[in-house]
Amino acid sequence: MADQLKPVRWVLAKVLGAAFVLWAVATLIFFGIRMIPGDPAEAILGGPGSQASPEALEQVRRDYGLDQPLLAQYAAQLGRLIRGDLGDSYSLRMPVADLIANQLPGTLLLSALSLLVAWLLALGLAGWSTLNGRAAGVVASGLEIAAAAVPHFWLASVLILLFSNSLGWLPPVNTGSADGLILPVVTLALPLAGFLGQVMRESMLAAMSSPFALSARARGEGESGVLFRHALRHAALPGIALSGWAFGNLLSGAVVVESIFARPGLGRTLLNAVTLRDIPLVTGVALVSALAYVLVMAASDVAERAADPRLRTA
Amino acid sequence: MSFPFRTPARGVPAAAGAVAAVVLLAGCSGGGGSSDNGGEPVSGGNLVYATGDAEPTCLDPHVGGNYPQALISSQYLEPLVSRNSDGETIPWLASSWEQSEDGLSWTFTLREGVKFTDGTPLDAEAVKANIEHAQDPATASSTGYLALRKIKSAEAVDTQTLKLTLSSPDSALLESLSMPWVAIQSPKALERSQEENCAAPVGTGPFVVDKWVKQESVTMVRNEDYSAPPAEGWHAGPAYLDSITWRFIPESATRYAALQAGEVQVIDNAQPDTVKAAEGSDVIKHLDAPRPGASNRLELNSSKAPFDDPKVREAFVRSVNVNDGVSTLFFGTAKRSYSPLSSVEPLAYSDQSLFGYDLEEANRLLDEAGWTARDSAGYRVKDGKRLTLQFPVSTNQSIPAEQSLFEQFQATAKEAGFEVKLNLLDLSSWYGALAENNYNLVSAPYTKVGPDVLRILFHSDSTKPAPSGYFANLSQVKSDELDELLTKASETSEPAERERLYEEAQKIVLEGYYILPLYDQQNHFLYRSEVSGVKALPTVSTPTFHDAWLTN
């Protein structure tokens, strides 16, 4: 009986935890964005280069409820959020929910592809180095550290110079077709592959020298057989555990990558929204990102349990 | 949010390498078709324009009113009057005008037979509706509202005759009406909700807004019935291009790479390094179109110490080596200015003799002003206080080359004993620092057609902050003599007298060392050689593609 309740309790805990995270994000953003100097009313009126008239500012403050006391604005904001209403963007004059719905698929596609490519690169490198001895391990470790240390903006610039300007193989900006995705995906995937590769290679090496690997070899299994049939699952475990974190990393990387490659997406939306003090839009994007992060964390929990039988009995 | 990839030092060699690559590619392709502007224009094709400016929040430039809106709306909206390359006002949607003896009423005759792209005729009622729209607080217009500030009422005398009544004479009225922020839209379209009108304003221009994909692009298609070019400079009949795709590519290096790759044909906000790099290219051409209004300048805040002392102001101006910095950091793409006004303004007055770099003179002036001692760091001190200058810099408004230039100022001013504290801020924080009077130096661009910008920047009325805390007179000059000159100039239509008044006013600003002029407000466009006929409107220097055509 108690065992049957466990999953229910687990889900309940996750849901409550997620609700708390979302509330905290909404609250932090609401007060945080107001601590930055600057007048949202002026931002609404076009900010740079436009000198807002007093009448226009007053009109905007009335329209957007900015003339209300701060706590009243906060309460109204929470009330709207609870009803599922993300409000209207100041800067793009559209419902935030519509904007996010338009921009989310691009970012999700970019993040998912990057995660996949990072996984493949990391596993490939870890497998290759495990099968090829100490020297290969040193090379792999060097590559991983270098990749993990590379900042996105630098990598993006180098890739554009190399593959767009010099070789002319790939477009430097979003073209709407698949080839426009390659450079942004590589930009996001390489540093992540460096991180994932480091942990995967270590646990793969550990697995290869563990007793079960030894007994597999004793049964006559070849090195690559041991690797693919036995060690791979062990190497994947820390990778899965890290994937939730990796997804968060990709979302923040998207801010830079979408701006550089001029791709539409949540990252670029967030950057513009922060610059323009577009409070509803910043809140909306942050909430959706937090929600996505919570979901991916839960998914990686489930995946980890599936891949590691030891966790199921715990 | 500060962006690390803005660092200019990294961009310079990168761009140079990029250009080498393009030259190589061009060499390989065997020359391609000659694309000099010689040939006969051909119709057809889609032009892709990549802007580095922010995506407008509303495509109707009456709402708010900033430069990104001016850039794009110049393709589909047109104002009542324009300017020719000599800076003279020429007819556009208004064919003629007349002002009364007392300057308090103006009569405009509108062009016959012009229709908005929704079929509504251009008549006096339409223009009246536009003026009222820009003046309506519900529109939340800033720039347009200021431009129409003196218009008390508009009245349709007959279908094509409009009478404007002013609260006081306005010698800048025609210049104001030439700006894209008060361009004329279909009155029928203006009756829609602001949401709808922001998404697709309806005008008389050579293109029509077709589709706006947020964060991505705006598509505009040719207005087949176009019939209203300005009095000079444009060909008659519809545009040559079928359509324009207006893309938003914020990152400068990507924008240039996209241009080189041929993904886009025109880019704006070209940075000095890319302009320089493009000079050696057969494939890429350069259009330099400085913006009107004020020059880019440092404002010296005269309202508080140490710049309340004119000697300290002059000492600072003499202590910074502007010319060397500009020529090394801008690669010869920016010409040094010695005027408060842009060089495109016919009434700009310059005085180079006031602004020579002279460290000895700077030291002498500071000694005279009582800043005689120096502390261990080499900065001057007086009464235990260091000679410190707070310099908030807006990273949205100052390009990387300009930020580097300010760092050079910091270094050269140190030799005279100034401690310049550069503070890189995003736009809202920057406005915040200004509103709190927490600055000694600041650089703030201001785009406006005509010398009346001097009144906005230097009249003491402009030291009074708006409810937002912002004020335009950032050097905080308060001079009765200057106020009187500027007010009189704004009411004087007689050309010679107007010129004399503005010259006197500029002399006071320059000789008082309230500003340090740097260069015109930079506005560089790069385009591929397959595009011909790219030009900028001589009003606020926005590009126009009515005459543009594509070869091959």
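Two residues are in contact if their C-beta atoms, placed from the backbone, lie within 7 Å. The legends below describe close-up views of a predicted model.

**View 1. Chain A is built from 13 helices and 0 strands.** Read along the sequence, the pattern of chain A is α-α-α-α-α-α-α-α-α-α-α-α-α. Its C-alpha atoms fill a box of roughly 85 × 65 × 30 Å along the principal axes. Among contacts in chain A with a separation of 6 or more, 72% join residues 24 or more positions apart. Of the 314 residues of chain A, 45% count as buried.

**View 2. Helix 5 packs against helix 10 in chain A.** Two packed helices are described by the angle between their axes and the distance between the axes. Helix 5 of chain A spans residues 96–131, and helix 10 of chain A spans residues 223–260. Their angle is about 145 degrees. Their axes lie 9 Å apart. The crossing of helix 5 and helix 10 of chain A is right-handed. Helix 5 of chain A brings residues including A:Thr107, A:Leu110, A:Trp119 and A:Leu131 to the contact. Helix 10 of chain A answers with residues including A:Glu223, A:Leu227, A:Phe247 and A:Ala254. By class, the residues of this contact of helix 5 with helix 10 of chain A divide into 14 nonpolar, 8 polar and 1 charged.

**View 3. Helix 5 of chain A also packs against helix 11 of chain A.** Helix 11 of chain A covers residues 266–275. The angle between helix 5 and helix 11 of chain A is about 130 degrees, with their axes 7 Å apart. The two helices, helix 5 and helix 11 of chain A, are therefore oblique to each other. A:Leu99, A:Ile100, A:Gln103, A:Leu104 and A:Thr107 come from helix 5 of chain A. They meet A:Leu266, A:Gly267 and A:Thr269 of helix 11 of chain A. The residues of this contact of helix 5 with helix 11 of chain A divide into 4 nonpolar, 4 polar and no charged.

**View 4. Helix 11 of chain A is mostly covered.** Of its 10 residues, 9 are buried. The buried residues of helix 11 of chain A are A:Leu266, A:Gly267, A:Arg268, A:Thr269, A:Leu270, A:Asn272, A:Ala273, A:Val274 and A:Thr275. What covers them includes helix 5, helix 10 and helix 12 of chain A. Helix 12 of chain A spans residues 279–307. A:Arg277 follows helix 11 of chain A. The phi of A:Arg277 is positive, near 55 degrees.

**View 5. An open sheet of 7 strands in chain B has mixed pairing.** The strand order in this sheet of chain B is 8-9-10-1-11-21-12. Strand 8 (207–213) and strand 12 (284–288) of chain B stand at the edges. Each has a single partner strand, so one side of each is left without a neighbour in the sheet.

**View 6. Strand 1 of chain B pairs with strand 10 of chain B.** Strand 1 and strand 10 (residues 243–248) of chain B pair in the parallel sense over 6 bridges. The bridge partner of B:Asn46 in strand 10 of chain B is B:Ser243. B:Val48 stands opposite B:Thr245 in strand 10 of chain B. Strand 1 of chain B also runs parallel to strand 11 (residues 266–267) of chain B, joined by 2 bridges. There, B:Tyr49 stands opposite B:Val266.

View 7. Strand 5 (residues 105–110) and strand 7 (residues 161–166) of chain B pair in the antiparallel sense over 5 bridges. B:Ser105 has B:Thr165 of strand 7 of chain B as its bridge partner.

Methods
Residues are numbered from 1 along each chain as its sequence is written. Chains are lettered from A and ligands numbered from 1 in the order in which they are written. This is a predicted model: local features need pLDDT of at least 70, side-chain atom pairs count only at pLDDT 80 or more; totals for chains, interfaces and linings use all residues. Two strands pair if DSSP finds at least two bridges between them. Helices (H or I, at least four residues) and strands (E, at least two) are DSSP runs, numbered from the N terminus. Axes are lines fitted to C-alpha atoms, for helices over the stretch in contact, and angles run from 0 to 180 degrees between N-to-C directions. A crossing is left-handed if the near helix is turned anticlockwise from the far one by less than a right angle, and right-handed if clockwise. Ala, Val, Leu, Ile, Met, Phe, Trp, Tyr, Cys and Pro count as nonpolar, Asp, Glu, Lys and Arg as charged, and the others, Gly among them, as polar. Angles under 35 degrees count as roughly parallel, over 145 as roughly antiparallel, 65 to 115 as roughly perpendicular and the rest as oblique. A residue is buried if 20 or more other C-beta atoms lie within 10 Å of its own, exposed if 12 or fewer, and partly exposed in between; C-beta atoms are placed from the backbone.
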